[in-house]
Amino acid sequence: MLYQRSSALFKDAQEYIPGGVNSPVRAFKSVGGTPIFIKKAEGAYIYDEDGRAYVDYINSWGPMIVGHTHPEVLSATVEQMKNGFSFGTPTELETEIAKLITSVVPNIDMVRMVNSGTEACMSAIRLARGYTNRDKIVKFEGCYHGHSDSFLIKAGSGAATFGNPNSPGVTQGTAKDTLLAEYNNLDEVKALFENNKDQIAAIIVEPIAGNMGCILPEKGFLEGLRQICDENGALLIFDEVMTGFRQAMGGSQERLNIKADIVTFGKVIGGGFPVGAFAARREIMNHLAPLGPVYQAGTLSGNPIAMRAGITTLNIINNDRELFTRIDKATETLDVEISKILAEKGIANKINRLGSMMSLFFTKQDEINNFTAVTKCNHDSFNKFFHHLLANGVYLAPSGYETWFISDAIKDTEINKTLDAVRSFEI
Ligand code: PMP
């Protein structure tokens, strides 16, 4: 049996951990089968408890952009650890990472470190509300901004995979302040602003969406959001948890040349450690405690080991400007070649891609540009594809509502292994 030890470990885990996992999408509920328990990772590969190696396209859901256990990040982190694990006091490292982030990300002067993308987005919303003195926010169907209450309204990622977008436990009171629009639909956003005059604090958006699969902003969509915010005194929040330091050093703001008011980060910023951040220009950040009245805090925020891992990872990327070209090119090759192979087999598909993010949809639709279009794709075919690749040593995210993350460790050998697995796929 392929996954014998994983099966035994999963059985045991289910006794003690709800669903056997600490984050729902890991349970393989959407694709079926046994979740693979991973023991270690290096470079482009993760290794399971049964001793099998997989080319990794999850990359911890994005953080491992330079590959797993990169030697520089490993040694810097181990060295840092020798000085202690956590102090709960200011450290020089926190200013170092803040300087680095503000020097490469456009339109921000100050940054606050947190421990996850959820915290970053939750705090960004509170800051926007405190700054504008307004309660409501606009979010888009299929976008995921973490599991804080305000965002679990038609959310993407695991929440979409499980088909229960409105989670019990989110009160009506909270839900009424989250206004929903379809991604890429400016008319709906305009209507929300007309019907909620002077009540909307912010629009939060994944500028390049990755949590309903990879969905690209259509021409004019983000520009339109910018204009609507400017005309209505609302803030534009770019959730760059996935896209930050991946689409460009300056994230989507740089890649797509649009200015956001608040930016949130996670994933790459911590190099694989639990880190998030939110940032804005000084005038907005001045509202945050202890400078201002908007409260936000964290026992482990700015943890020195996590900061060292983040700084080292960001420096590797920043000092190697060819990195984005390489990972974008690798992703393009995967897109072009997989499309070709599937087309030759007569399997209808559509691949969305920007930079080193991509998703493969099994569908006859010409455009996959919002959540509804994703729900109409053939997810049974995706699930078969997922399991076929897994059995052939290629690890995709276990849901058709997710994005592939390409790391710099994925080279021709890994791409060819992936394409060989696609070649032997039958629907
Ligand atoms: N925003 C986006 C765009 C994300 O992709 C995620 C996580 N996938 C989050 C927020 C939440 O981050 P975390 O899981 O670190 O809380």
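Start by selecting Lys-267, whose place is in the loop between β9 (262-265) and β10 (276-280); helices (H or I, at least four residues) and strands (E, at least two) are DSSP runs, numbered from the N terminus. The model is a predicted one, in which local features need pLDDT of at least 70 and side-chain atom pairs count only at pLDDT 80 or more, while totals for chains, interfaces and linings use all residues. Residues are numbered from 1 along each chain as its sequence is written.

The unreviewed UniProt entry annotates Lys-267 as "modified residue: N6-(pyridoxal phosphate)lysine", and such annotations may be inferred rather than shown by experiment. Is Lys-267 buried or exposed? Lys-267 is buried, because 26 other C-beta atoms lie within 10 Å (buried is 20 or more, exposed 12 or fewer, partly exposed in between, with C-beta atoms placed from the backbone). Next, select Trp-61, Gly-62, Pro-63, Gly-117, Val-241 and Met-242, which Lys-267 touches when residues up to four places away in sequence are not counted; contact requires C-beta atoms within 7 Å.

Now colour the chain by domain: domain 1 is 4-57 + 321-423 and domain 2 is 71-318, with bounds from an automatic or database domain assignment. Their contact takes 26 residues from domain 1 and 25 residues from domain 2. On the side of domain 1 that touches domain 2, select α12 (322-344), β11 (350-354), β12 (357-361) and α13 (371-375), the elements that give two or more residues; the largest share, 4 residues, comes from β12.

Terms used: Two residues are in contact if their C-beta atoms, placed from the backbone, lie within 7 Å.
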